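The entries below follow the order in which I went through it.

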Amino acid sequence: MKNIVLIGIMGCGKTTVSLLLAEKLARPVIDIDEYLEKKYQMSIPEMFAMSEAYFRERETICCQEVSKLDGYIISTGGGVIKNPENMKALKENGIVIYIDRPISMILEDVETSSRPLLKDGAEKLFDLYKERHQLYLDSCDYHIMNDVTIDEFINNIINCIKENK
């Protein structure tokens with residue numbers, strides 16, 4: 001059974017959605033950021049403090065490892081699409097879903113000071129969206145807007161998967 005891989009900008013709902021999908025579909029879930037922190041015994045902010053390149057290299061290794069799993073719901077980090085090797089690995093045994101959430105809704109929910117790439121303020125999120133939106137579109141199998149209730153959104157994903165088997 002193929003993995004379901006969730007991509008999208010930070011705060012779009014990947015972690016929450018992965019947990020709810022896992023529950024509804026009775027599948028295991030793995031968060032690449034958590035996997036990465038456990039594997040390297042460092043927090044993501046600590047890795048970014050060394051350099052973004054340091055973090056991205058380790059992220060790619062983790063994507064390659066996680067892509068070998070079968071039947072998982074995989075939640076990725078927001079920048080996973082920056083390296084084509086990540087998406088190539090994740091697509092080998094995965095259906096990639098781009099969770100696209102309006103930035104205004106993200107800013108209502110996300111504490112920007114806790115996100116390494118947003119330490120300079122919320123406007124950085126708009127810049128990241130402009131920079132990455134097309135990469136998300138190019139990387140995904142399905143593009144689904146997350147601008148409805150969480151239950152509606154989960155049902156939209158499940159229906160999309162069922163309709164496109």
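**Loop residues, sheet, helices, cysteines**

I began with exposure: Ala26 counts as exposed, at 71% relative accessibility. I was working from a predicted model. Ala26 sits in the loop that links helix 1 (14-25) to strand 2 (29-31). I noted a positive phi of about 50 degrees there, although Ala26 is not a glycine.

I then looked at Gln41, which also is not a glycine and has a positive phi of about 50 degrees. Its place is the loop between helix 2 (32-40) and helix 3 (44-50). With a relative accessible area of 66%, Gln41 is exposed.

In what order do the five strands of the open sheet lie? I read the order as 2-3-1-4-5, with parallel pairing. Strand 2 and strand 5 (142-145) are the edge strands, each pairing on one side only. From one strand to the next, the twist averages 25 degrees.

I went through the pairings of strand 1 in turn. Strand 1 (residues 3-7) and strand 3 (residues 73-75) run parallel and are joined by three bridges. Within that pair, I found Ile4 opposite Ile73 and Leu6 opposite Ser75. Towards strand 4, I recorded five bridges, again in the parallel sense. Ile7 has Tyr98 of strand 4 as its bridge partner.

Is strand 1 buried or exposed? Five of its five residues are buried, so strand 1 is largely enclosed by the rest of the structure.

Helix 2 lies across strand 2 and strand 3, and runs at about 65 degrees to strand 2. Helix 8 (residues 150-163) packs on the sheet and touches strand 1, strand 4 (94-100) and strand 5. I noted that the direction of helix 8 makes about 160 degrees with that of strand 5.

Helix 7 (residues 123-139) took a separate entry. Its 17 residues should span 24 Å at 1.5 Å a residue, and I found its end C-alpha atoms 24 Å apart, which agrees. Where does helix 7 bend? I located a bend of about 45 degrees at Arg132. Arg132 is also one of the buried residues of helix 7, with Leu125, Leu128, His133, Tyr136 and Ser139 making up the others. I listed what covers these buried residues: among the elements are strand 1, strand 4 and strand 5 from the sheet, together with helix 4 (52-66), helix 5 (84-92) and helix 6 (103-109).

Last, I searched for disulfides and counted zero.

Terms used: Residues are numbered from 1 along each chain as its sequence is written. This is a predicted model: local features need pLDDT of at least 70, side-chain atom pairs count only at pLDDT 80 or more; totals for chains, interfaces and linings use all residues. Side-chain values use heavy atoms; hydrogens and water are left out. Helices (H or I, at least four residues) and strands (E, at least two) are DSSP runs, numbered from the N terminus. Buried means under 20% relative accessible area, exposed over 50%, partly exposed in between (1.4 Å probe, protein chains only). A disulfide is a pair of cysteine sulfur atoms within 2.5 Å. Two strands pair if DSSP finds at least two bridges between them. Axes are lines fitted to C-alpha atoms, for helices over the stretch in contact, and angles run from 0 to 180 degrees between N-to-C directions. Contact means heavy atoms within 4.5 Å. The expected span of a helix is 1.5 Å times one less than its number of residues. The bend at a residue is the angle between axes fitted to the seven residues ending there and the seven starting there.
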